[in-house]
Protein chains: 2
Amino acid sequence: MSFSKEQLEEYTAFAARLADAARGQTMPRFRSGAQIFNKAGPWFDPVTDADREAERVIREMITKVYPKHGVIGEEFGASEGEGPWRWVLDPVDGTRAFICGAATWVTLIAVEYEASPVLGLIDQPYTDERWLAVNGETQFRHGETVVKCQASGVRDLSKARISTTDPRPVAYFNDRESEAFARLSKTTRVARFSMDAYAYGLLALGEIDLVVEAGLQHHDYAALAPVVIGAGGVMTNWAGGPVGTDDRGETIAAATPELHAAALDILAG
Amino acid sequence: MSFSKEQLEEYTAFAARLADAARGQTMPRFRSGAQIFNKAGPWFDPVTDADREAERVIREMITKVYPKHGVIGEEFGASEGEGPWRWVLDPVDGTRAFICGAATWVTLIAVEYEASPVLGLIDQPYTDERWLAVNGETQFRHGETVVKCQASGVRDLSKARISTTDPRPVAYFNDRESEAFARLSKTTRVARFSMDAYAYGLLALGEIDLVVEAGLQHHDYAALAPVVIGAGGVMTNWAGGPVGTDDRGETIAAATPELHAAALDILAG
């Protein structure tokens with residue numbers, strides 16, 4: 001890659017400013033009766049004015065400061081740029097958590113250079129927690145405390161803590177995927193649900209060992225993969241290939257290569 | 001009831017001191033590799049040194065200050081008292097959340113007078129959130145901000161946000177209960193899982209409308225019922241009777257009597 005250290009430092013500082021600006025839109029609406037809209041389709045796919053206003057504000061900031069950069073956002077789609085840089089945004093990942101008052105929704109920001117992620121940021125405003133992955137390292141800030149992230153050393157499924165947002169075949173998983181997850185989770189020690197992208201942050205902290213999902217889109221995984229990998233974890237699709245190269249958005253994040261391989265075996269059936 | 005306002009005020013202040021003391025034992029162990037023990041039985045039923053040390057410390061405080069009071073705790077069982085007062089403790093409700101780094105575990109403290117709850121306290125130390133129900137009112141403190149709790153006005157299942165800790169028939173629910181929950185959750189707008197007692201706090205804040213569970217024990221529901229009822233909600237077993245009077249620990253908490261009645265109908269099948 002042919003960009004300078006200074007350029008990446010500049011974008012890192014700017015990403016933090018974007019996350020702060022998103023907080024200004026999301027926090028006043030959290031637990032305050034945010035307006036809820038249903039996007040479309042047969043099942044409830046909510047979006048709130050928190051999602052929309054946060055994306056509107058941070059897109060404006062990017063367009064103003066870096067007019068040649070591309071932008072992909074969950075709510076307002078893709079804007080083509082000129083050149084190698086692109087910002088990938090999910091202003092509120094976990095809208096269901098948001099509208100239920102649970103502090104596991106997050107803001108996701110990624111920077112890509114020639115379509116490869118070079119920065120990933122996960123921000124939880126209510127708990128004041130922020131994960132930042134850059135230069136192959138992930139750090140975590142909670143309030144004033146900053147620590148370097150390190151995934152757990154768990155290699156055996158029988159000791160693993162697994163998470164997925166919804167194990168039922170009603171939302172992200174189809175029947176096959178739901179059955180594969182049930183097969184896998186049965187071999188693990190404990191399962192937790194409904195944490196969306198926050199679960200990848202917990203994996204980076206060494207608190208969760210496996211996150212298995214389907215239906216992830218570019219604006220979801222772009223920020224997550226650097227956070228997982230920067231903490232020493234592994235993130236691929238269910239075939240072991242790069243995330244986003246299958247047609248179902250199937251992803252698996254694991255604390256160790258051994259755990260990853262064992263889980264892939266069971267998912268394959 | 002024949003106790004004075006001053007007596008209840010004294011126990012309210014003492015309950016807050018107990019919750020603070022529990023924080024001293026739980027917080028240093030959260031996300032810090034707490035020792036995990038398996039209680040027994042065919043499935044993983046974890047307890048940590050955080051549970052045990054927190055209960056040990058707060059039981060000692062009670063015994064020292066109120067030697068005649070009874071105490072029921074999750075980890076160290078029941079101590080008979082003399083007279084009408086009893087403390088009911090669950091030092092870490094949500095041990096699975098605790099060992100996965102998720103900040104939805106809580107400390108539960110209840111005070112009973114002649115076996116009826118007169119005070120309920122839910123404490124989440126990491127987020128600095130505390131619910132206190134006394135004199136028929138529930139208040140919520142987050143950091144320095146205190147608000148009076150009011151459950152939502154949701155009366156229709158189609159608008160309801162429902163929660164249970166695990167929808168699968170592998171933990172708390174048996175097959176019949178898991179099917180009943182699936183039937184009910186299908187009629188609601190959105191479902192969230194894995195929040196343990198924290199979900200009742202969100203119901204009191206108007207953010208969740210229904211919490212449906214089984215397997216709740218005295219040390220779980222003693223603190224929760226006052227919090228729900230003090231926010232204007234309803235809490236019963238699945239037959240509409242008092243919580244704890246069935247042999248399965250089936251509980252339902254609802255934001256409104258209308259929502260409660262509609263949910264009971266569907267749970268009955």
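**Strands and cavities in a predicted model**

Trainee: Which strand of chain B do 4 bridges join to strand 11?

Mentor: This is a predicted model, where local features need pLDDT of at least 70 and side-chain atom pairs pLDDT 80 or more, while totals for chains, interfaces and linings use all residues. Residues are numbered from 1 along each chain, chains are lettered from A, and side-chain values use heavy atoms, without hydrogens or water. Strands are DSSP runs (E, at least two residues), numbered from the N terminus, as are helices (H or I, at least four). Strand 11 (residues 161-164) runs parallel to its partner, strand 12 of chain B.

Trainee: Which strands of chain B stand at the edges, and why is one side of each left without a neighbour?

Mentor: The open sheet has the order 12-11-13-15-14, with mixed pairing. Pairing takes at least two DSSP bridges. Each edge strand has a single partner, so one side lacks a neighbour in the sheet; the two are strand 12 (190-193) and strand 14 (234-236) of chain B.

Trainee: Which elements give two or more residues to the lining of the largest cavity?

Mentor: A cavity is a set of points on a 1 Å grid over the protein atoms alone where a 1.4 Å probe fits but cannot get out; lining residues have an atom within 4 Å of a point. The largest cavity's lining includes Phe193(A) and Phe193(B). Phe193(B), in strand 12 of chain B, stands opposite Thr164(B). The elements are strand 12 (190-193) of chain A and strand 12 of chain B.

Trainee: How many charged residues are in the lining of the second largest cavity?

Mentor: Among its lining residues are Thr127(A), Tyr198(A), Thr127(B) and Tyr198(B). Asp, Glu, Lys and Arg count as charged. The lining has 6 nonpolar and 4 polar residues, and of charged ones, none.

Notes. On a 1 Å grid over the protein atoms alone, a cavity is a set of points where a 1.4 Å probe fits but cannot get out, and a pocket is an open set with protein on both sides within 12 Å along at least five of seven lines; lining residues have an atom within 4 Å of a point.
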